[in-house]
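Dear colleague,

I am passing on the structure below, and my notes on it follow directly after. Please read them with the sequence and the coordinates open beside you.

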Amino acid sequence: MKICSPTIRKSFFVFIIAASVASQTSAQAPKKTPSVINPPPTAQDWADLAKLPDWSGVWNPKITDQDAQVKTNPPPWNEVAAKKIEAMFAEEKAGRPRLIFSNCLPEAHPSWMLVTHNAMEILFTPGRVTMLGESDGNRIRRIYTDGRAHPDVSDPTFHGHSIGHWEGETLVVDTVDILPEVPLAISEAAGVPNNGDMRTIERIHLADKDILHVDLEIFAPKILTKPWKTTRIFFRQRARKFDIVEGVCVQGDLAERVNAEGDHVFVPVEKSAWGNTVSVPAK
Amino acid sequence: MGQFTRFSCTIAAFFVLINGISSVAAHHSTTMFDHSKTMTITGTVVELRWVNPHVTLTVNGSLNEGDTPADWLMEMTSPGNLVRAGGWRRDAVKAGDKVEVVFSPLRDTEKKGGALKKMTVLATGEVFTANIREQEKPGLE
């Protein structure tokens, strides 16, 4: 018994073939890239950390040297950036300092190293060096020392993507993928957005038993005429009372109060356009 | 989108913008204060806000004898820097303590405020300073 005409049978056959081909194609198309797995550290990995130089403790910056380098070692700004910086210095001198790090955004890299007034600590774990800052909740740099390369696809962040390796007792750090909006700052009132393609090479090492040097070479082709080299200095503190504690920048915008319902709440304080606190609501 | 809705959105965006402008805490330069001038007031602590990135101290007092006492808002560096550079503690003072504060005033003299340089607790004679550049050596205690 014929259940369908030759035309229908032919159509059905073509459909089956097409479906089969489509099925094979779809099975091949989404070839999944295998995940890169970070291996668990071995006992040897942990033991190897002991061979690294001792960078424990709390490191606070030499601010007077930051101040001095504004004049003694200015970045080679291009013409456009130089004009902006000059205007910012004029405004600062007039008592209207530009708020470079507004809205509690991180000072970011490399300005954290360049102009910070706050301390940091440096942690070694297998495959990574981590810098933790004071004062901003999100002041953190992850420097990968596990041999990885920078990612193929750029994913810009405030502190960029950092890979490092040890040359003797010096940590050499290469950082890329920094957000173009991140300023290259030389003070808290003078800095311009890097506008993209910024890269830094750092050589971090002990210059003395308790003095850390961060030698930076900064490539910022959109705002500098050539790479800029500078060294930033940090002092080690070991007194426990100087241990870094949590610091959330935006807390400075808020006062701790108890509302009518008896709840402990934060309420806004008044700030000026330059960032200083103008008034605090009464309790 | 209706005309009223568009208008409402515009108004809402305006207030979001205004709120954004009034909330700009950050690390900032201190040239809004006139560092060429130094003033001193003696008064009563209203509040010490032990917060990042800038601690504030409100003191009720007057510049000149006979002036009506008013709240003066002193701004300082961060808690960590105050501990390292000026010997501060979260409980260095509490509301009601009598203090003498030395400060550089705001250039805007309409506002009562300044950058604190030194605070003396009158009951104990304890002195606290606020110069962040006084921590530039290792091994501080």
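Of the 283 residues of chain A, 34% count as buried, where buried means that 20 or more other C-beta atoms lie within 10 Å of the residue's own, exposed means 12 or fewer, and partly exposed means in between, with C-beta atoms placed from the backbone. This is a predicted model, in which local features need pLDDT of at least 70 and side-chain atom pairs count only at pLDDT 80 or more, while totals for chains, interfaces and linings use all residues. Residues are numbered from 1 along each chain as its sequence is written, and chains are lettered from A, with ligands numbered from 1, in the order in which they are written.

Chain A contains five helices and 15 strands, these being DSSP runs numbered from the N terminus (helices H or I, at least four residues; strands E, at least two). If one takes the contacts in chain A between residues at least 6 apart in sequence, 52% of them join residues at least 24 apart, a contact being a pair whose C-beta atoms, placed from the backbone, lie within 7 Å.

Turning to the two chains together, the contact takes 51 residues from chain A and 38 residues from chain B. On the side of chain B that touches chain A, at least two residues each come from β1 (39-49), β2 (56-62), β3 (70-75) and α2 (79-86) of chain B, and α2(B) gives the most, with four residues. By class, that side of chain B has 17 polar, eleven nonpolar and ten charged residues, with Ala, Val, Leu, Ile, Met, Phe, Trp, Tyr, Cys and Pro counted as nonpolar, Asp, Glu, Lys and Arg as charged, and the others, Gly among them, as polar.

Some backbone details deserve a check by eye. Most residues other than glycine have a negative phi, and most peptide bonds are trans. The peptide bond from H109(A) to P110(A), however, is cis, with omega near 5 degrees, and P110(A) lies in the loop between α4 (79-93) and α5 (111-115) of chain A. In chain B, the bond from N52(B) to P53(B) is likewise cis, with omega near -10 degrees, and P53(B) sits in the loop between β1 and β2.

N103(A), which is not a glycine, has a positive phi of about 55 degrees; N103(A) is placed in the loop between α4 and α5 of chain A and counts as partly exposed, with 14 C-beta neighbours inside 10 Å. D197(A) also has a positive phi, near 65 degrees, in the loop between β8 (190-193) and β9 (199-208) of chain A, and with 13 C-beta neighbours inside 10 Å D197(A) counts as partly exposed.

With best wishes
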